[in-house]
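Try each task before you read its solution.

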Number of protein chains: 2
Amino acid sequence: MEAAGEHFGHYGYDKTTVSDLAKAIGFSKAYIYKFFDSKQAIGEAICSKTLTAIVVAVEEAVAGATTPTEKFRRMFKTLAATGASLFFNDRKLYDIAAHSAGEGWPSARAHCERIRQILTEVIREGREKGEFERKTPLDETVHAIDLVMQPYVSPLLLQYNLDAVEEGPAQLSNLVLRSLAP
Amino acid sequence: MEAAGEHFGHYGYDKTTVSDLAKAIGFSKAYIYKFFDSKQAIGEAICSKTLTAIVVAVEEAVAGATTPTEKFRRMFKTLAATGASLFFNDRKLYDIAAHSAGEGWPSARAHCERIRQILTEVIREGREKGEFERKTPLDETVHAIDLVMQPYVSPLLLQYNLDAVEEGPAQLSNLVLRSLAP
DNA sequence: TTGGTGACTAAAAACAACAATAGTCACACG
DNA sequence: CGTGTGACTATTGTTGTTTTTAGTCACCAA
């Protein structure tokens, strides 16, 4: 896993062979296939790791805020910022994540699902505290906001929205929060 | 232009040569270059034509509604529906439009600009009639809603949102309209 | 039985030789 | 002088060939 992170991050997914990985850890290629079903499985594993880092950053940002309103703002902002940072600083890893999202790999699906869960929790808390309106069905609200965030959640879409990564989330947060007003 | 529409729509941009176009209209290839600076220019021209059809459909949908609220709903829905229809029925033309958006050609930029203008007009009218809130600066409101619609406006992004093309616009319309409530 | 491998194959990538194409230009015709 | 073109080139795409590479398997050693 460590070696894979190194190599994928440095040379990219396509340019690193399973033999390279084997050599790096001093074992034979065949042995690697005792632990991973395929090269793609290795890719998914490190993709998961990468995306989990984003989720962790988002969770920390949310935990660091007090009101649900502020939690939502930070959540959205952090999501876009860490995603963009990944794009600019670890392009090779980003490309794997984008590919993963494009192919609908489980790792990418899980990531979207996690983000959605965090969002649901923030909204739920906001409703409980009376900060957000309660008329619209929770599912509907969450789903709509999820759609709004999608361009910044999915690595596949993020790359087309990099120019809006600074202002976009803030402005969209404002819009969403107006729609959540009781 | 007619021949280009035919050929691009049938065989795709890459697979039709400028010579094909010349042959189709009974002139030499060199003569075409008296009217167009490059093959890309021809592509942009028919791309413009394609995207204009979408704008026209949207304009008609807006004109057919009475209240600004309804105008916005129809605008969004029609935008996504005609875009998706282009994708499924004229895939080759869609691909040109997507490529155009990806490369930032003027034709695609102009299209986004037109959509934004229509949106601005709808919001402005809604504010005048007291249907929409007036506290938020108009520019900010429009820009944020524009960001929300982007995944359905840009052919480049639309292709990744085809699964949400049925429900998405309706749900996002609801969200946006809640945010516009006075 | 658990930890580990070299040797193999089918599929895919890299490459090189070749063909097709975008774009130009000097020039012909009325 | 306006309408139109064949012939040319640099570049891009295609095609067929050779190398790599993902993935398997029978087998070895402790």
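The model is predicted: local features need pLDDT of at least 70, side-chain atom pairs count only at pLDDT 80 or more, and totals for chains, interfaces and linings use all residues. Residues are numbered from 1 along each chain as its sequence is written, with chains lettered from A and ligands numbered from 1 in the order in which they are written.

**Exercise 1.** Find how many residues of chain B are in contact with chain A.

Solution. Count pairs whose C-beta atoms, placed from the backbone, lie within 7 Å. 18 residues of chain B are in contact with 18 residues of chain A. On chain B, α8 (138-153), α9 (155-158) and α10 (168-180) each give at least two residues to this side. Helices here are DSSP runs (H or I, at least four residues), numbered from the N terminus.

**Exercise 2.** Name the residues closest to DNA strand C.

Solution. Near means a C-beta atom, placed from the backbone, within 6 Å of the strand. 13 residues surround DNA strand C, and the closest are A:S28, A:A30, B:T17, B:A30 and B:K39. Elements with two or more residues there are α3 (29-32) of chain A, and α2 (18-25), α3 (29-32) and α4 (39-63) of chain B.

**Exercise 3.** Describe how α4(A) packs on α5(A).

Solution. First, take the angle between N-to-C directions (0 to 180 degrees), with axes fitted to C-alpha atoms over the stretch in contact. α4(A) and α5 (residues 68-89) of chain A pack at about 150°, with axes 8 Å apart. Therefore α4(A) is roughly antiparallel to α5(A), a term for angles over 145 degrees. Finally, list the contact: α4(A) residues include A:T50 and A:I54, and α5(A) residues include A:K71 and A:R74.

Technical notes. Two residues are in contact if their C-beta atoms, placed from the backbone, lie within 7 Å. Angles under 35 degrees count as roughly parallel, over 145 as roughly antiparallel, 65 to 115 as roughly perpendicular and the rest as oblique.
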